[in-house]
Amino acid sequence: MSIEIANESGVDVDEASIVSAARYALDKMEVSPLAELSILCVTLEVMEDLHERWMDLPGPTDVMAFPMDELDSSRRPDAPDASPALLGDIVLCPAFAKDQAKTAGHALIDELHLLTVHGVLHLLGYDHAEPAEEREMFGLQKRILTEFQSAVSELNRKNAQRNADDRVLGIAGLDTPVTPVPPAAPKPVEETP
């Protein structure tokens, strides 16, 4: 799965973490590993222009999704001439998301994870225009985010344990692998006449 990210927002964000959230959501939704996705972080001005141009709505917004290809879910994964499916683009506005994160009481990266998953679901055809659609999409979004956060917490816990173990091994002098020394070659035996 190819996920490209570009940060043109002027806001420092953890790009790798955003890509991880997108990859996790795509994996959970069983999207083909051949799929391609682009994520772009933009300024308030750029987002405002996109929002007005494509949605005919004033002002910036937090996330927009621009789907590219229709997904053919009936296609067998082992069918010949499979080609990458360009899912589309997710456009995030970190400056706009900062205020939402503050209001929600969580970190900016958590808000960007939420918006990334939201964008992925839009690219996959989910919407929230009607109450039933909203319940389905937001329920799925919440489940994916909760599982993603649990997976990240577990990975962080394992890494912390590994680091603690490495420190203990270092203190005990066991942190460097011992290279076995090959046995010395036998000395030739001199024959006496």
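**Reading the sheet and an aromatic pair**

Reader: Which residue stands opposite Glu36?

Author: Leu86, in strand 4, stands opposite Glu36. A strand here is a DSSP run of E of at least two residues, a helix a run of H or I of at least four, both numbered from the N terminus. This is a predicted model, in which local features need pLDDT of at least 70, side-chain atom pairs count only at pLDDT 80 or more, and totals for chains, interfaces and linings use all residues. Residues are numbered from 1 along each chain as its sequence is written, and side-chain values use heavy atoms, leaving out hydrogens and water.

Reader: How do you know that strand 2 and strand 4 pair?

Author: Pairing takes at least two DSSP bridges between two strands. Strand 2 (residues 36-41) and strand 4 (residues 86-92) run parallel and are joined by six bridges, so they pair.

Reader: What is the order of the strands in the open sheet?

Author: Its four strands have the order 1-2-4-3, with mixed pairing. Strand 1 (2-7) and strand 3 are at the edges with a single partner strand each, so one side of each has no neighbour in the sheet.

Reader: Why is the pair of Trp54 and Phe66 called edge-to-face?

Author: Rings of Phe, Tyr and Trp (its six-membered ring) pair if their centres lie within 6.5 Å; planes under 30 degrees apart are stacked, over 60 edge-to-face, the rest tilted. Trp54 and Phe66 are 5.8 Å apart centre to centre, with 75° between the planes, so they form an edge-to-face pair.

Reader: What makes Trp54 count as exposed?

Author: Exposed means over 50% relative accessible area, buried under 20%, partly exposed in between (1.4 Å probe, protein chains only). Trp54 has 53% relative accessibility, so Trp54 counts as exposed.
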